[in-house]
Amino acid sequence: MLIRALDSAGPDDPQPGQFYMLGTAERWGGGADDRPYLPRALSYARAREGELSFLLEVVGPGTARLAELSPGEGLALLGPLGVGWRAPQEGTRPVLVGGGIGTAPLVCLQDELGPEATVLLGFRTAAHAEAAALFAGEPELATDDGSAGRQALVTDLLREQLDADPAATVFACGPPAMLEAVRLACAELAVPAQLALESGMACGFGACFGCVVPTTEGYIRLCVDGPVLAAELLAMPPGGSRPRTPAGDWQVAG
Ligand SMILES: Cc1cc2nc3c(=O)[nH]c(=O)nc-3n(C[C@H](O)[C@H](O)[C@H](O)COP(=O)(O)OP(=O)(O)OC[C@H]3O[C@@H](n4cnc5c(N)ncnc54)[C@H](O)[C@@H]3O)c2cc1C
Ligand code: FES
């Protein structure tokens, strides 16, 4: 679902791929005496004239409460945070690859790059594909059941694009398995790729170290050094494996 938030007092130049920490001003927590939830990280999908749009998938109590917001309700909003997408490598065309709720940070990226940027989107079914309508032009769609676009994986669409013309920079956000497939395909074809990741975030601004993820250069805080990382940072080191965080391996933002 789409949430629109007024942010007339906030910075008017968030960069695509950055995120905000969100919590409702009222009824945020399990009850009057309960500890409030920590705010939840959401990538902004679009920023226009003091208004921010977010795409929301309900997966737990924080997102469920955000989904219950009614018009005019107060929202605690902190951001923009983190480092978003970098420019495409010179001489390459941008190819945007989104899976599910991971389409969110690609909407504003296409707004910035222009409608000619190639957009490839994957969803479970047509019912989950509403976000496709936010993109300019005609994004290529893949669904698991073929109810919208082709019955394929979005990474199949990417492979076809890169086989036809590998002079591309890939920008990807989606579930972990999708991101890993994107990373492998791009590594094989020596195509530069940027991946938007997710990890559990408590503060969003570097203070709690709850969001650390392992990279080839050691552990980094995803909220300040990401959430967008160069794919090479996640490459398997020769003869070794990526270290894991105590909380588990990295996940994908969106
Ligand atoms: C940088 C960043 C950007 C993000 N952007 C968005 C966005 O644009 N839209 C959006 O909806 N979410 C986004 N997320 C994910 C969102 O912040 C988390 O899903 C959040 O933890 C949900 O809070 P909750 O209280 O609803 O569920 P939690 O209590 O945190 O989680 C409930 C259960 O759902 C599982 N879960 C958590 N996240 C997911 C998930 N993404 N998919 C499936 N299961 C999950 C948990 O493991 C747990 O079992 C982003 C996260 C990060 C770090
Ligand atoms: S979320 Fe607290 S340090 Fe990153």
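**Briefing: a buried threonine, a sheet and a helix pair**

T63 counts as buried because its relative accessibility is 11% (buried is under 20% relative accessible area, exposed over 50%, partly exposed in between, with a 1.4 Å probe and protein chains only). This is a predicted model, where local features need pLDDT of at least 70 and side-chain atom pairs count only at pLDDT 80 or more, while totals for chains, interfaces and linings use all residues. Residues are numbered from 1 along each chain as its sequence is written, chains are lettered from A and ligands numbered from 1 in the order in which they are written, and side-chain values use heavy atoms, with hydrogens and water left out.

**Around T63**
- T63 sits in helix α1, residues 61–67 (helices are DSSP runs of H or I with at least four residues, strands are E runs with at least two, and both are numbered from the N terminus).
- Setting aside neighbours within four places in sequence, T63 touches L56, E57 and V58 (contact means heavy atoms within 4.5 Å).

**The five-stranded sheet**
- Here we have an open, antiparallel sheet of five strands, ordered β1-β4-β3-β2-β5 (strands pair if DSSP finds at least two bridges between them).
- At the edges are β1 (2–6) and β5 (75–81), each pairing on one side only.
- From one strand to the next, the twist averages 40°.
- Five bridges link β1 and β4 (residues 51–55) in the antiparallel sense, and L6 faces E51 in β4.
- Helix α2 (residues 104–113) lies across β3 (40–48) and β4, at about 25° to β3 (axes are lines fitted to C-alpha atoms, for helices over the stretch in contact, and angles run from 0 to 180 degrees between N-to-C directions).

**The β12–β13 hairpin**
- β12 (residues 212–215) pairs with β13 (residues 218–221) over four bridges, again antiparallel.
- A hairpin of two residues joins β12 to β13, and T215 has G218 in β13 as its bridge partner.

**Helices α3 and α4**
- The axes of α3 (residues 154–164) and α4 (residues 176–189) come within 10 Å and cross at roughly 15°.
- That angle makes α3 roughly parallel to α4 (under 35 degrees is roughly parallel, over 145 roughly antiparallel, 65 to 115 roughly perpendicular, and the rest oblique).
- On the α3 side, V154, T155, L158, R159, L162 and D163 meet M178, A181, V182, A185, C186, E188 and L189 of α4.
- The residues of this α3–α4 contact split into nine nonpolar, one polar and three charged (Ala, Val, Leu, Ile, Met, Phe, Trp, Tyr, Cys and Pro count as nonpolar, Asp, Glu, Lys and Arg as charged, and the others, Gly among them, as polar).
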